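This report concerns the sequence and three-dimensional structure shown below.

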Amino acid sequence: MENLLMWGIYFATFYAFLPGLISRTFGFRVFKKGRVEKEISLTFDDGPDPVYTPQLLDLLARYNAKATFFVVGSHAEQQEELLRRMKAEGHIIGIHNYVHKSNWLMRPRSVKQQIERTGEIIEHATGVRSAYYRPPWGIVNVFDYANLGYLQIILWSAMFGDWRIRVGAERLKKRMLKKLRPGEVMLLHDCGTTFGADKDAPRNMLIALEIYLEEGTKRGYRFVGIEEMIKLTDAARAAHTSFIKKGLISLWLLWERAFHVVFRLKTVGDAGDPAFHYRITTYHGKSVQLAGGGSVTKGDRIAELHFDNKKLSTIAATSKSPVATGIRMLREVEQALPLLANQLAEDAEASDIKAVYGVTMIHRGADRLGFEIYKLPEGWFARSTRVYLRILIRVLTKKQQTAKGKQRRETISPRMLLMPVEIIRGYAALQPNNRQASAERMSVAVERTISAAADEAAQLGTKTTAI
Ligand SMILES: [Zn+2]
């Protein structure tokens, strides 16, 4: 019951923070909108146009605005001088197919050729390979995702129908001013010769844009190319993520402190940097026949182990990968076991324990240290432990390595560890010399299990019961 209550409180605390954690996991293959303070990205499609593009460049220069041009290859190859001017004036050039045709109307091979041909035209004129692609009408297909790995797909957050002359400069201006907001990626057109557009529509666009630039500049906005917008957005996301992470970790450590006080955990070894804590409690689980003889049944006294969560978070933060985290955890456990044994030997409360007990992910390495490993009976405790572990792994580790499906479920399974009391006493009985020899022996054992533990460790943090 005590356990149930403790888990209840724990999850109530933690779930409140989950949504922020989950929302950051979306991919970044398609960029639509920035997350910035004062920047706006203007993007111009379908050009370059011999009449309107030079006027547009003049206008942008007057406001020191940097933009992104998604050029149509067949237009661009006749306007190499304009491409060079765009580059010279600090604008970004992206690809918008060779002819203005939807990717749905072309075979994948044709799409690829269109993109490559346009890329070559840009590179030939400016010496720079384009890194950005905007499909006509924003229509991407599966192929675009699969084969355009070197190109970042850029869509938009706002469009205004500026390709139609009947919209008029006045209405266009109003529509645009509504989107005078940080992070917007504005879709405009500097050429009206593509199918469905009006040839002189860009004239209205230029009138509306001038007012937009004037008003934006007054309000302190910066007009930046898509490259800078993406960079700023990435930085903002990373800062936000680490902010959430830090918050979660300190919350978790706070919880642990409270837990230690409430359940009076005893610390093993150096109080400043402990590896374990334990408490003497009563076993509530199913009866277990120990491999070495004897059994642990309901009502038996046990020492319940808790890995120090602060140590765990430090190890995780300084390890390059979850695998490395797992390996270092294993070593910590190995080194701390003799200390634990000595302390248990002197602890009057521990005189009648039948075993040392814990719940953890590091089970393959643990058996070499003398633990016996048992599946947690499927049920509420096992399920909630798994959920907890997944969250913990995401929060603590730098990079998530994902195994798939069944394998993932398997590797994420927590196990119950039991070490018969005779074995832990054996750790205490070791004389210093023997202890060293034994420690070396164990080190070898641990090394040997590292490769076996690696795939498991890839998924783990460790859960201790200290939650
Ligand atoms: Zn277009």
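How many helices and strands does the protein chain have? The protein chain has 17 helices and 17 strands; both are DSSP runs numbered from the N terminus, with helices (H or I) of at least four residues and strands (E) of at least two. The model is predicted, and local features need pLDDT of at least 70, side-chain atom pairs count only at pLDDT 80 or more, and totals for chains, interfaces and linings use all residues. Residues are numbered from 1 along each chain as its sequence is written.

**Overall burial and contacts**

Of the 467 residues in the protein chain, 39% count as buried. A residue is buried if 20 or more other C-beta atoms lie within 10 Å of its own, exposed if 12 or fewer, and partly exposed in between, with C-beta atoms placed from the backbone. Two residues are in contact if these C-beta atoms lie within 7 Å. Among contacts between residues at least 6 apart in sequence, 79% join residues at least 24 apart.

Strand β2 (residues 39-45) is mostly covered, as seven of its seven residues are buried. In a regular strand the side chains alternate between the two faces of the sheet. In β2, E39, S41, T43 and D45 point one way, I40, L42 and F44 point the other way, and all are buried.

| Partner of β2 | Bridges | Sense |
|---|---|---|
| β3 (residues 67-71) | four bridges | parallel |
| β8 (residues 185-189) | five bridges | parallel |
| β9 (residues 222-223) | two bridges | parallel |

T43 stands opposite T68 in β3, S41 has V185 of β8 as its bridge partner, and I40 has F223 of β9.

**An open mixed sheet**

Six strands form an open sheet in the order β10-β11-β14-β15-β17-β16, with mixed pairing. Its edge strands are β10 (266-267) and β16 (372-375), each of which pairs on one side only. Within the sheet, β11 (residues 276-282) and β14 (residues 301-307) run antiparallel and are joined by seven bridges. The bridge partner of I280 in β14 is A303.

**Helices**

Helix α10 (residues 226-262) has 37 residues, which at 1.5 Å a residue should span 54 Å; its end C-alpha atoms are 54 Å apart, in agreement. The expected span is 1.5 Å times one less than the number of residues. The buried residues of α10 are I226, M229, I230, L232, L248, W252, E256 and F259. After α10 comes R264, whose phi is positive, near 45°.

The axes of helix α3 (residues 52-62) and helix α9 (residues 201-218) come within 10 Å and cross at roughly 5°. The two helices are therefore roughly parallel, a term for angles under 35 degrees, whereas those over 145 count as roughly antiparallel, 65 to 115 as roughly perpendicular and the rest as oblique. Y52, Q55, L56 and L59 of α3 make the contact with P202, L206, L209 and E210 of α9.

In helix α5 (residues 80-88) lies L83, which counts as buried because it has 25 C-beta neighbours inside 10 Å. Leaving aside neighbours within four places in sequence, L83 is in contact with P48, A76, I93, I122, A125 and T126. The C-alpha atoms of L83 and I122 are separated by 7.2 Å, although these residues are 39 residues apart along the chain.

Terms used
Axes fitted to C-alpha atoms, helices over the stretch in contact; angles between N-to-C directions. Pairing = 2+ DSSP bridges.
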